[in-house]
Amino acid sequence: MSESTVRITVNKGASAKIEADIIEVTLPDGTVEQKNGKAFLCRCSESKNQPFCDGSHKECEFDA
Ligand code: FES
């Protein structure tokens, strides 16, 4: 991993936005998904596309 700034923004009642040039997310089965620029990780556990946010937080009572 190269040295660069990674910005993580935790959004109230929603996802955590990660911003970096290249984001590599290793999934539980070992596969790696690469995102360029930004990724949104689910914090409410309702997403059908874990670990990524799919907007389902808008339909639940998640408030953290
Ligand atoms: S935070 Fe968006 S679906 Fe969970």
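Strands are runs of residues assigned by DSSP and numbered from the N terminus, and in this scheme Cys-44 falls in the segment after β3 (32-41). The structure described here is a predicted model.

The secondary structure of the protein chain amounts to 0 helices and 3 strands. Read from the N terminus, the order of elements is β-β-β. Along the principal axes, the C-alpha atoms of the chain fill a box of roughly 40 × 25 × 15 Å. The chain has 64 residues, of which 25% count as buried.

The 3 strands make up an open sheet, arranged in the order β1-β2-β3 with antiparallel pairing. The edges of this sheet are formed by β1 (7-10) and β3, each of which pairs on one side only. On average, and with direction ignored, neighbouring strands of the sheet are turned by 30° against each other. As a general principle, strands of a sheet pair through backbone hydrogen bonds, in either a parallel or an antiparallel manner.

The two pairings of the sheet can be described in turn. Between β1 and β2, the antiparallel pairing extends over 4 bridges. Within this pairing, Thr-9 is placed opposite Lys-17 of β2. The hairpin of β1 and β2 has 5 residues between the strands, and Gly-13 in this hairpin adopts a positive phi near 70°. Between β2 and β3, the antiparallel pairing comprises 10 bridges. Ala-16 stands opposite Leu-41 of β3, and Glu-24 has Gln-34 of β3 as its bridge partner. These two strands likewise form a hairpin, with 5 residues between them, and Gly-30 in the turn has a positive phi of about 95°.

Attention now turns to the packing of side chains. In soluble globular proteins, nonpolar side chains tend to be buried together. In this model, the largest nonpolar core consists of 7 residues, namely Ile-18, Ala-20, Ile-23, Val-25, Leu-27, Ala-39 and Phe-52. Strand β2 (residues 16-26) supplies the largest share of this core, with 4 residues. One member of the core, Ala-20, touches Thr-5, Val-6, Asn-36, Gly-37 and Lys-38, when residues up to four places away in sequence are not counted. A search of the whole structure for aromatic pairs finds 0.

With neighbours within four places in sequence left aside, Cys-44 is in contact with His-57, Cys-60 and Phe-62. Cys-44 and Glu-61 are 17 residues apart in sequence, and their C-alpha atoms are 8.9 Å apart in space.

His-57 is also located in the segment after β3. The relative accessible area of His-57 is 15%, so this residue is buried. Apart from neighbours within four places in sequence, the contacts of His-57 are with Gly-13, Ala-14 and Cys-44. Of these partners, Gly-13 belongs to the hairpin of β1 and β2, while Cys-44 lies in the segment after β3.

Glu-46 is likewise found in the segment after β3. At 36% relative accessibility, Glu-46 counts as partly exposed, because this class covers values between the limits of 20% and 50%. When neighbours within four places in sequence are left aside, Glu-46 is in contact with Ser-56 and Cys-60. Cys-60 is also among the contacts of Cys-44. Glu-46 and Asn-36 are 10 residues apart in sequence, with a C-alpha to C-alpha distance of 24 Å.

Notes:
Residues numbered from 1 in each chain as written. Predicted model: local features only at pLDDT ≥ 70, side-chain atom pairs only at ≥ 80, totals over all residues. Heavy atoms only, no water. Core = buried A, V, L, I, M, F, W, Y, C linked by side-chain atoms within 4.5 Å. Buried < 20%, exposed > 50% of the residue type's maximum accessible area, 1.4 Å probe, protein only. Contact = heavy atoms within 4.5 Å. Phe/Tyr/Trp six-rings, centres within 6.5 Å; stacked < 30°, edge-to-face > 60°. Pairing = 2+ DSSP bridges. Axes fitted to C-alpha atoms, helices over the stretch in contact; angles between N-to-C directions.
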